[in-house]
Amino acid sequence: AATRRAVAGADIVYHCAARVSDWGPWKTFEQEAVASTRNLVEACRAAQVGRLLHVSSISVYGHPKIRPGQVIDETMPLGQKFWLWDYYPRAKMLAEQIAWDYAPNVTVVRPSWIYGPRDRLTVPRLIPALQERRVPIIGTGDNLLNIIYVGDVAAGAILAANHPQAAGQAYNLCSEGEISQRDMLNCLTDFLGLPRITRRVYYWVAMRFAFMKEFFARLLCSKKPPAITRRAIFLIGRPTQYSIAKA
């Protein structure tokens with residue numbers, strides 16, 4: 001009922017709400033991403049909202065195996081090879097599927113790693129780890145990051161929501177890779193007055209180590225995430241393989 005009151009009289013509804021985390025029980029992800037989207041779509045339908053702009057994520061693609069030089073565009077099937085306990089991308093994929101029920105008056109945007117004001121999840125967790133000298137370079141450090149400024153994502157969402165031809169369409173909203181992992185870490189350590197990182201860890205070693213940390217944290221029913229998770233390693237160590245040509 002509260003959702004229906006919120007959207008009453010709206011021409012465009014922006015749906016950005018979900019649990020954004022790499023930790024927590026599935027029930028929480030389901031309630032805050034899947035059930036909330038179902039409620040909102042029903043409310044938009046009752047209010048006859050002109051356009052629903054649904055904020056999804058590039059994580060909905062999962063981990064598809066792609067050839068060298070291939071990029072992930074909006075035609076790539078969703079939900080490929082999700083990891084064990086990979087609740088965030090699963091919930092975002094299910095939420096997006098529900099949002100498509102509002103077609104043709106729905107537009108979906110899929111941002112990548114977002115940074116900027118009000119970030120309480122990624123950079124705020126990275127800073128203490130840097131200060132405690134717990135962060136290595138993953139792999140060679142030359143991989144370009146899909147990191148994008150929050151204001152650019154907001155601008156992209158507004159453009160997509162108002163563009164007549166964007167109805168019924170999905171768009172990747174990410175960068176094509178403007179900074180490497182090593183350059184970003186150097187930027188942060190320089191700003192914090194810390195020595196630059198020289199220690200390196202193979203990507204596959206870091207992923208296996210993170211899995212073991214997650215395994216024992218799950219075994220102990222920890223409510224707090226372990227110091228390192230696979231998704232954190234994936235964010236900073238993955239290559240840039242997402243196309244923004246359509247956007």
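**Val71.** I began with Val71 in this predicted model, and found the residue in the loop that runs between strand 2 (51-55) and helix 3 (87-99). I then looked up how open the position is, and Val71 comes out as partly exposed, its relative accessible area being 41%. Leaving aside residues up to four places away in sequence, I noted that Val71 touches Met76, Gln241 and Ser243. I also checked the distance from Val71 to Thr240, and although 169 residues separate the two along the chain, their C-alpha atoms are 8.5 Å apart.

**Gly168.** My next entry concerns another loop residue, Gly168, which I located between helix 5 (150-162) and strand 7 (170-173). Its relative accessibility is 32%, so I put Gly168 down as partly exposed, given that this class lies between the limits of under 20% for buried and over 50% for exposed. Which residues does Gly168 touch, not counting those up to four places away in sequence? I listed Trp100, Pro104, Val106 and Thr107. For one of these, Val106, I also took the C-alpha to C-alpha distance, which is 5.3 Å to Gly168 across a sequence separation of 62 residues.

**Helix 4.** I turned to helix 4 (residues 123-131) and recorded Leu126, Ala129 and Leu130 as buried. Viewed down the helix axis, the buried residues of helix 4 stay within an arc of 100°, so I read them as lining one face of the helix.

**Whole chain.** Along the principal axes, the C-alpha atoms fill a box of roughly 55 × 40 × 35 Å. Of the 247 residues, 45% are buried, and the accessible surface amounts to about 13,300 Å², with 57% of that area belonging to carbon and sulfur atoms. Among contacts between residues at least 6 apart in sequence, I found that 80% join residues at least 24 apart. Finally, I counted 31 positive and 19 negative side chains, with 7 Å between the centres of the two sets.

Methods
Residues are numbered from 1 along each chain as its sequence is written. This is a predicted model: local features need pLDDT of at least 70, side-chain atom pairs count only at pLDDT 80 or more; totals for chains, interfaces and linings use all residues. Side-chain values use heavy atoms; hydrogens and water are left out. Buried means under 20% relative accessible area, exposed over 50%, partly exposed in between (1.4 Å probe, protein chains only). Contact means heavy atoms within 4.5 Å. Accessible areas come from the Shrake-Rupley method with a 1.4 Å probe; for residues, only the protein chains shown count as cover. Lys and Arg count as positive and Asp and Glu as negative; His and the chain ends are not counted. The place of a charge is taken as NZ of Lys, CZ of Arg, CG of Asp or CD of Glu. Helices (H or I, at least four residues) and strands (E, at least two) are DSSP runs, numbered from the N terminus. The arc is that of the directions from the helix axis to the C-beta atoms.
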